[in-house]
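User: I have a structure to learn from. Can you show me how to read it?

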Amino acid sequence: MTSSTSPTAHDGTDERPLGEAPALDPTGFPEPTLIPVNGVELEVFEAGRHNAGRPVVLCHGWPELAYSWRHQVPALVAAGYHVIVPNQRGYGNSSRPAEVSDYDIEHLTGDLVALLDHYGYDDATFVGHDWGAMVVWGLTLLHPHRVDKVINLSLPYQARGEVPWIELMESVLGGDFYFVHFNRQPGVADAVLDESTYRFLRNLYRKNEAPAAPAPGMALINLARAETPCGEAVMSDEELAVFVAAFESSGFTSSINWYRNLDRNWHLLADADPIIRQPTLMIYGDRDTIAKSENLTEFVPNVDVVTLDCGHWIQQERPAETNHAIFTWLDRHA
């Protein structure tokens, strides 16, 4: 487990203004509950219990939190859904197991299955962004009967292919590509991000950035060391402070361990039926650096695709448009 830094500490490596750690919830986000599931505890934010029977589970990406869905939760509740939003294992105040293999796709999807069991649901609509989308795709492959509908943002279905994913990325993109770097040089990037949490997250959560040629080195380490952010901020200072406080407390290693299981996941999914048969909505950002799928319907035949005018942080950059796309699609598939 990585060492943590007090949210109010300031050692000169990170230029966030001094001040008290922010309250988790500047905008009415639900209060959390720690729920024991699958051998760990998950910090879960729940809203709309009076809408029991219409569950929607929201799964965040990296390096994010349940709080990244703050614009969707009240809208989903108002639309009649029981909304369940975990900080997944490795994030926030959820458990952070020490073993890297405890973050593989079987454990991550097992947490969500156990969360359904806790609330007494056979299945639910699952919504994922970024790594959360990867987990939702994996959940639907490994536990298809627990998934009613799929809504994924940014990351399309990743076909398994003939070569493990990290091995393939290394051969094509090289050792400095961050997926590869996380695996081949464990702990190096973690330490840099831990030292400069505020600067890294401030520089990462941006939009409308001008295109630029990639600089030499590992991009996320470069980002954590950059003095000046590019583009425009995705969120307010108060909202950013929620993410900064959480990662200053937890460190980054536990969440990066998700990446360190990518080849293990490739092996674990070997016997899974690769076809997603549930009704699915795929939401892209047209300026996202994650590529759109060229053969999505081959693996997800019942998919509808929406593209929004934004970058990677789709539901935070375009909350109203994201909500509209989700509700329009859910109404059509009610």
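Predicted model: local features only at pLDDT ≥ 70, side-chain atom pairs only at ≥ 80, totals over all residues.

User: What is the mean pLDDT of the protein?

Analyst: pLDDT is the predictor's confidence in each residue, from 0 to 100. Here the mean is 92, and 92% of the residues reach 70 or more. Residues 1-26 have a pLDDT below 50. In the model, that stretch has 53 contacts beyond near neighbours in sequence.

User: Now a single residue. Is L115 buried or exposed?

Analyst: Buried means under 20% relative accessible area. L115 has 2%, so it counts as buried. L115 sits in helix α2, which covers residues 105-119.

User: Which residues is L115 in contact with, leaving aside neighbours within four places in sequence?

Analyst: Those contacts are I35, V37, V44, I84 and P86. Also look at V57. It is 58 residues from L115 along the chain, yet their C-alpha atoms are 9.4 Å apart.

User: Next, a helix. Which residues of α4 are buried?

Analyst: Helix α4 spans residues 165-173, and W165, I166 and M169 are buried there. Look down the axis of α4. The buried residues fall within an arc of 95°, so they line one face of the helix.

User: What do the buried residues of α4 pack against?

Analyst: They pack against two helices: α5, residues 178-184, and α11, residues 262-268.

User: What comes just after α4?

Analyst: There you find G174, with a positive phi of about 90°.

Key. Residues numbered from 1 in each chain as written. Heavy atoms only, no water. Helix = DSSP H or I, 4+ residues; strand = E, 2+ residues; numbered from the N terminus. Buried < 20%, exposed > 50% of the residue type's maximum accessible area, 1.4 Å probe, protein only. Contact = heavy atoms within 4.5 Å. Arc of directions from axis to C-beta.
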